Amino acid sequence: MQIPAPFDYARASSVDDALALLERHGPESLIVAGGHSLLPMMKLRLARPEWLIDINDLFELDFIVRDGDRLRVGAMTRHTTLFESDEVRRLFPIITDAERTIADPVVRNRGTIGGSLCQADPAEDLSTVCIVLGAEAVIRGTAGERVVSMAEFHVGPYETSVAHNELLVEVRLPIRPRSGSAYEKVERRVGDWAVAAAGASVSLAEDGTIDHVAIGLTAIGLDGTVTEAEAMLHGKAPSEELFVEAGRLAALACDPLADQRGAIDYKRHLADELTRRVLRRASSRAAEAQEG
Amino acid sequence: MTITDERASNPAAGGADRPIGYGRIQRKEDPRFIRGKGNYIDDIVLPGMLHSAILRAPVAHATLVSIDTTRALAHPGVVAVITGKDLLGLKLAWAPTLSADVQAVLVTDKVRFQGQEVAFVVANDRYAARDALELIDVEYDVLPPVIDARKALDPGAPVIRTDIEGKTDNHIFDWEAGDAAETDAVFASADVVISQEIVYPRVHPAPMETCGAVADYEPIEGHLTLYETTQAPHAHRTLFAIVAGIPEHKIRIVSPDIGGGFGNKVGIYPGYILAVVGSIVTGKPVKWVEDRSENLMSTSFARDYIMQGEIAATKDGTILALRTNVLADHGAFNATAQPTKYPAGFFHIFTGSYDLKAAHCKVTGVYTNKAPGGVAYACSFRVTEAVYLVERLVDILARKLEMDPAELRIKNFIQPEQFPYKNKTGWEYDSGNYEPAMRLSMQIAGYEELRREQKEKRERGELMGIGVSFFTETVGAGPRKHMDIVGLGMADGAELRVHPTGKAVVRLSVQSQGQGHETTFAQIVAEELGIPPEDIDVVHGDTDQTPFGLGTYGSRSTPVSGAAVALVARKVRDKARFIAAAMLETRPEDLEWEKGRWFVKGDPSIGKTIAEISMGAHGTVELPEGIDGNLDAEVTYDPPNLTFPFGAYICVVDIDPGTGHVKVRRFIAVDDCGTRINPMIIEGQVHGGLTDGVGMALMEIIQFDEDGNNLGGSFMDYLIPTAMEVPNWETGFTVTPSPHHPIGAKGVGESATVGSPPAVVNAVVDALAPFGVVHMDMPCTPGRVWEAMQGRPRPPI
Ligand SMILES: Cc1cc2nc3c(=O)[nH]c(=O)nc-3n(C[C@H](O)[C@H](O)[C@H](O)COP(=O)(O)OP(=O)(O)OC[C@H]3O[C@@H](n4cnc5c(N)ncnc54)[C@H](O)[C@@H]3O)c2cc1C
C-alpha cells in the first residue's frame, strides 16, 4: 500500500458549495474528480494537498447534451460515458477513438473529462482531442462564469488557466457539417500512456475541398495544432500526397523528448505516420458524412 | 499410470466424474481465494501489533555521512527508529546472502543502490510510520556509481564493495563449464560460425503480493514466530537461527497464502530481519509490508545477462558446438539464489536440446550499483537465459543457412535412443522424445500453411513472423551429492497420516505460491491410496507442522516433493497390506492391491479398504509384530537426478510496418512434463508462464539512468502484460515419463517462461527479415522494433 501524506476531506454538494470549500480551505485544497490522476500522485507524494474537495456528488456536471450547433459535455462526464455514447461517436468519432485507448475500463469508469483536461498531462489524450475539435471550456468561479478557448485554457504541462478557486464545469464542442475526425495512438501496452498520438478533424466544403482542418499531437511536444500543415491543406481536395506532406510537416512541428517510450527520431516518425493515418480516416469519415 | 486426463466433456470434473488420482479436477484451494478468504501476510493481525516502514536511499552510490532520527522519534505514534548503527551493536547490520556474500540490512557505511534500506521506523500505525520517514534527516556524500556492467571491471571503476577487506575491483566470480580447448578445435574447423551478442535484460518477478512479514518475538520463552512471504520456510528458519542467534527449535516460520513468488520470495530481505529486530526491541509483534515501488526497486530482480554467443555448424546444418562468454550483472550484493556449486545457476544447460560435439561457457559476475538478486525468476536457475541464448543462435543459423528453423532443430535433436543423454557440460538428461513434440506443435499451428501465408503477405509488404523455439528444462534441484543452498541439501520430506475413518493429512516441506499444491499433492496420495482427493488435507508452509525441506522454486515441488509424497503414500500402502492381512487372517503376500483396497488373490470379494484398514490399525485388530497401531509414514526424498521437461513452442506475430507495434496473433505450446497429474493445473502454469514470456519479450525491463536512478519503480514504468497483449493459448502435450521419478512426473512451473521468450523474439525477427534484421534484443517495444527496421537495432543496456 502506497500511503499519501496526511490530508483532510470534504464532499461538495453543489458547484457553489465546491467553490465555497475551495475558498475556505485555501490554496492547499484540491478538487478530486475521478481521482485517477490525483490519487496516484498523492500516493507517490508528488501531490500533497491538505484538503480534498470531492465533487463526485455533482451529478449536475455529468451530462452530454446537444444544444444547437454544439455538443455540451459536463466536466464530471466519465470516460466510459463518452466512450459508449452513440451521439458522440456519430458527431466526434475522434473521441470514441481516443477513449478506446485511454487506460482500462476500471480507470475509464471513474476518470472524467474535467479531470483529464485539468490535469493537463502532456500525454493526456482528451486535451489533444479538445484542441483538435476547437472546444471551449466553461470555467466557474465565485465571481461567475467565463468561457475560454483551449489555447487559453492550456497554459503548459500540468498547468491550466483554471485558478485555484475555480471549477471547470463544462466543455463545449462545435458541430460542423460534413465533418469527420479520428485519433490514433501508439502505446507499448494497452493502457499505457501514449508514446505518441495524433488526432485530426476535417470538414469539407460542398465541393469536397477541405474547408476546415485541425491536427493535434499528443506526448511529443507540440502546443496547439500543426498550423503549417493545416494551412497547406486548406481549400484543397483531400489526397494521399497532401497527407504525406502534412505528415512531414507534423514531424517537423513536434519537439519530442527521448525516454523509455522511444527515441526522438522514432517519435518524429510517429508524428508523420500517425498524422497521415488520422487525416486519411478523418477525411473518409467526412466524405461519408457528406454523402450520408 | 492412470491418465484420466483428457475428458473433453468435463474439463474440470466434479461429482461422479471426479477422478480418484490423476485427472482434471478443480483446485481445492480456489473456493477460499474466489471468496476472498485467502490469508495473506497483510491479513494477519496480532494483538498489540505495531507497523513499520523503511527509509530507502534516494541515490545509487553515496557515503553515509550522518543520520538524525530526533524529529522522527518525536512524531506522534512512533515507537522506535532503528538505524544501521543500532544493528552494528546487535551484530545484525550485515546478513549472509544465499551466495556466500553479505548484504547490508541497514546502511552503515555506504549506500550501494537506489532504494537500499537506510532506517526502520516502528509505529502504532502504518501512516505514522510512513510519515515519520520524511522526518529522518540523512546526509549523503554522493559517489560516482557503476551502472553499466560492461564498465564494472574497468581499472578506474569506483569500487562498490569497500566493506570487503582488500577488495579493489567489482569482480565477483568467473565460472565455466565444458571443455574450452575441445570446443575451440571444433569451431576452428567448422564450415559456418555465427557470433552474436544477445542480451537478456534485467526484469522483475513482480508478484501480485509484495513481500512482507509479521514478526512476533515472545521474550519470556524466547520464541520467535515469523509470518513471512517466503517460498522456503524451512531454509529461512535455519538461516534465522544462524543469523539472529535464536535457537532453531524456538523459531517458527509460517508462510501463509502467498500471492505469487516467481523467485522473488526465496531470499531473506532486510525487511524480514528488521521486523524481527523491531519485535525484539519493542516487545510487540511488528508488521512490515512493502509497497509496490519498494518491491520493484529493492527486491530480487532476474536475468541481466550480456551473452556473447557463438554457434558452429556444417554447411548442411549439423550443429557442432556452442560457446559463450557471459557478463552477469549481480547488483550491489551477490544475493542470487542458486545451488552453491553453481554461481551461474544451471546456465550451462545452454546446449539445449541438441546433440553437440563440444560446448563451453564462461560466466563472469560483477557488482554494480543496482539492487541485488539475480534470483531464479520462473527460470529454473537461469535456464531461461540459457534457452534464450541457444534458441536465438539456432534461429540465426537457420537464417544464414536458408533452412527452415523447425527443420534445422529437428535435424539436430538428441534422439530418443540417446537418453539418458550426457551433454557436454555435465548434465545427464533423464528422458526425452523431441521430434514428436515439435511435429505436434507444427501440426496444431498449421505450420506449412502459416509459411505460405507469410510468403504472400511479404509480397504485399505486410510483416508477419513465425517464431519457433524448442527448450529442454532442468528442474527438481537436486541430488544432495551435487547440490545445496548455503550448506542445506536440497531434499524434501513428506509425512502422511491416515485417520481412523480413512481421511488423511499429508504434510509437505514445500510451500505453494499459487501452484495448486493442495490439489496436486492430494491427487498423488489419492492415486497411490485410492481415496478421493477431497478426503486428503494438504498442510504446508508452517515449519512447526511440516517436515524439513528446501521449498518451492525452480519447478522443484513435483519432481522432489511430489516424489516424496508418492513414496510416503506407498509406504502407507505397504504397511496397510500387513494390517489387512492380519484383519483377513491371511499372509501379506497373498494380497493384491487395487486402487483403494487390498484383496485376497483369486477372490476379489474378500478384501479391506484403506478406511477399514485404518480403523483396524487404530482399533483393536491384533497387529502383526513390528507394526504399530497407526497408518502413518514419513520419508525424506533425495532425488537421484533432476528431471528434464521439454516443449515445442510456435509464435505468430504481426507487426505494424508504420509503427513497429507487435501483435502476438497466435501461440502454440506443446509441453512434455512426463506424467500429468492435473492437466488443468498444468495448463494454468503454462498459460501464466506464456503470459510472462510475452511480457518479457515485448515490454519488461528495469532500466537505470546514468546516475543509477531506477526507471522501473512503478507499474506505470515497469510494464507487465495484460489479457489484451496475449492471444488465446493453444496448448498440446506429449508424455515422456521421467525414468527415475516414482510416478514419472517432471516439473512444469517454469517451462513456459523459459520457452516462450525466444519463440516471440524469433517471430519478431522473422517478421523483420525483409529489413535484413538477424537479431534484436528484448524488449520488442514499438520504438525498438522500428529502430531494428531502420537497420540499427540497439542493445537495451
Ligand atoms: C493506469 C492509468 C492509466 C491511464 N492512462 C491514460 C491514458 O492512456 N490517456 C489518458 O489521457 N489518461 C490516462 N489516465 C488518466 C485518466 O484518464 C484520468 O482519469 C484523468 O487523467 C484524470 O481524470 P480524473 O477525473 O480521474 O481526475 P482527478 O485525478 O480527480 O483530478 C486530476 C486533476 O484535475 C483537477 N480537477 C479535476 N476535476 C476538476 C474540475 N472539474 N475543475 C477543476 N479542477 C479539476 C484535480 O484537482 C486534479 O488536480 C490513466 C490513469 C491511470 C490510473
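## A sheet in chain A

Over how many bridges do strand 12 and strand 13 of chain A pair? This is a predicted model. In it, strand 12 (residues 196-204) of chain A pairs with strand 13 of chain A over eight bridges, in the antiparallel sense. Along this pairing, Gly199(A) stands opposite Gly216(A) in strand 13 of chain A.

## Around the ligand

Which residues are closest to the ligand? They are Ile31(A), Ala33(A), Gly35(A), Thr112(A) and Asp125(A), out of 31 residues that surround the ligand. By class, the shell has 14 nonpolar, 13 polar and four charged residues.

One lies 2.8 Å from a polar backbone atom of Gly34(A). In the side chain of His79(A), an N or O atom is 2.8 Å from a ligand oxygen. For the side chain of Glu124(A), the distance from an N or O atom to a ligand oxygen is 3.1 Å. Taken alone, the ligand exposes 960 Å², and the protein buries 90% of that. Strand 2 (29-32), helix 7 (113-119) and strand 10 (167-174) of chain A each give two or more residues to the shell. Helix 7 of chain A gives the most, with five residues.

## A sheet in chain B

Chain B has an open sheet of four strands, in the order 25-24-23-29, with mixed pairing. Strand 25 (536-539) and strand 29 (631-637) of chain B each have a single partner strand, so one side of each is left without a neighbour in the sheet. Neighbouring strands here are turned by 15° against each other on average, direction ignored.

Strand 23 (residues 492-498) and strand 29 of chain B run antiparallel, joined by seven bridges. Leu496(B) has Ala633(B) in strand 29 of chain B as its bridge partner. Helix 14 (residues 557-584) of chain B packs on the sheet and touches strand 23, strand 24 and strand 29 of chain B. Helix 13 (residues 517-529) of chain B lies across strand 23, strand 24 (504-508) and strand 25 of chain B.

Conventions
Residues numbered from 1 in each chain as written. Chains lettered and ligands numbered in written order. Predicted model: local features only at pLDDT ≥ 70, side-chain atom pairs only at ≥ 80, totals over all residues. Heavy atoms only, no water. Pairing = 2+ DSSP bridges. Near = heavy atom within 4 Å. Polar contact = N/O pair within 3.5 Å; in protein donor to acceptor, adjacent residues only side chain to side chain. Areas by Shrake-Rupley, 256 points an atom, 1.4 Å probe, with all protein chains shown as cover. Nonpolar A, V, L, I, M, F, W, Y, C, P; charged D, E, K, R; others polar. Axes fitted to C-alpha atoms, helices over the stretch in contact; angles between N-to-C directions. Contact = heavy atoms within 4.5 Å.
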